[in-house]
Amino acid sequence: MADVNHTAFRPGTFLLVGIPGLEKFHLWISLPFFSMYIFALLGNLVLLFTIVREQSLHKPMYLFLSALTVADLLLSTTTVPRMLAIFWFRVGDISFGACLAQMFFIHFIFFTESGILVAMAFDRYVAICNPLRYVTLLTHSVIWRIELAAVVRGFSIVLPALFLLLRLSYCRNRVIPHSYCEHMGVARLACTSIKVNVVYGLTVALLSVGIDVVFIAVSYGLILRAVFQLPSAGARRKAMSTCGSHLCIILLFYVPMFFSFLTHRFGGHSIPRHVHILLACLYVVVHPMLNPVIYGVNNKQIHGTVMSMLSWMGSQRN
């Protein structure tokens, strides 16, 4: 029987089980996930529409924010509808190609979004530490190149992982104990050695994300130094208020990721598997939901523009 189970082949489909150990609660778990997904869609679409429509928001900070909004929309839409299909209808079957495509887009969006957050930190650094050159340094063409560089970097990082999965021979076991396809979840179904996959995934994650975090930390270190050199408390408060939303989004993006990564690597035996999977599922929907809320509440220009648009729409109905 063991020989049959370990016969190497490439499966036509995989089976996603949702959140293992909590299958009987899937229907109840789906309710907050569905609500958060709808809020994420509406919030990001409103934010994106506001930035595109309002000419006064066509500034570097908001153009980077629009790219972040698109990434959030893609991340949640790539994962949550499939999750809800598992929770509601127990439709966990996913083709081999669709699983690899989902894996590619999830990781690609993650690394691209990390690059955009670095660009936003650079934007705040130039705006506060070198304000006289802000407009000349961050022109629209420069912004598009930076965003394109983030996209190309994300693509370049994830593409080798895709080929590393394609080279593997898979066993008869096709069950993935997760709600979506991710690199190591698929690799663990292989009969052949996945050492290269493990080393590549760990090295790339630590180097790329580590460099991004260091760059952001250095940027904000220089920003803080410049802010504390300002003559008045009002000027310092105004300068820091422009960074508040970005700092919240950075913490929301990186802290859960590092927590999940560290507990998975070093606390795997003490933390149940369903907790890891639930955190991973929350990660792809919570920060896309909260990002537009954070910017809508903390940023007076966006908040004012959205309120003006809603008032105008209300007057048009009357």
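Guide: Welcome! Two residues are in contact when they have heavy atoms within 4.5 Å. Keep in mind that this is a predicted model.

Visitor: Thanks! With which residues is Phe 111 in contact, leaving aside its neighbours within four places in sequence?

Guide: The list for Phe 111 is Arg 153, Gly 154, Ile 157, Val 158, Val 204, Ala 205, Ser 208 and Val 209.

Visitor: Where is the place of Phe 111, and is Phe 111 buried or exposed?

Guide: You will find Phe 111 in helix H4, which covers residues 96–129. Buried means under 20% relative accessible area. Phe 111 has 8%, so this residue is buried.

Visitor: How should I read a pair of aromatic rings?

Guide: Such a pair is described by two things, the distance of the centres and the angle of the planes. This structure holds 15 aromatic pairs. One of them joins Phe 110 and Phe 111 edge-to-face, with 5.2 Å centre to centre and 75° between the planes. Phe 110 also counts as buried, because its relative accessibility is 14%.

Visitor: Could you show me another pair?

Guide: Gladly. Phe 253 and Tyr 283 make a tilted pair, at 6.1 Å centre to centre and with 50° between the planes. Here the pair links distant parts of the chain, since Phe 253 sits in helix H9 (residues 233–266) and Tyr 283 in helix H10 (residues 273–298), 30 residues apart. Phe 253 counts as buried at 1% relative accessibility, and Tyr 283 is buried with a relative accessible area of 16%.

Visitor: Which residues form one aromatic cluster?

Guide: Phe 110, Phe 111, Phe 253 and Tyr 283 belong to one cluster together with Tyr 254 and Phe 258.

Visitor: And what about nonpolar side chains in general?

Guide: In soluble globular proteins, they tend to be buried together. In this model, the largest nonpolar core has 90 residues, and among those with the most contacts inside it are Phe 14, Leu 117, Tyr 170 and Val 186. Helix H4 supplies the largest share of this core, 18 residues.

Visitor: What does Val 186 touch, not counting residues up to four places away in sequence?

Guide: Val 186 touches Phe 14, Cys 99, Leu 100, Leu 165, Tyr 170, Ile 176 and Cys 181.

Key: Residues numbered from 1 in each chain as written. Predicted model: local features only at pLDDT ≥ 70, side-chain atom pairs only at ≥ 80, totals over all residues. Heavy atoms only, no water. Helix = DSSP H or I, 4+ residues; strand = E, 2+ residues; numbered from the N terminus. Buried < 20%, exposed > 50% of the residue type's maximum accessible area, 1.4 Å probe, protein only. Core = buried A, V, L, I, M, F, W, Y, C linked by side-chain atoms within 4.5 Å. Phe/Tyr/Trp six-rings, centres within 6.5 Å; stacked < 30°, edge-to-face > 60°.
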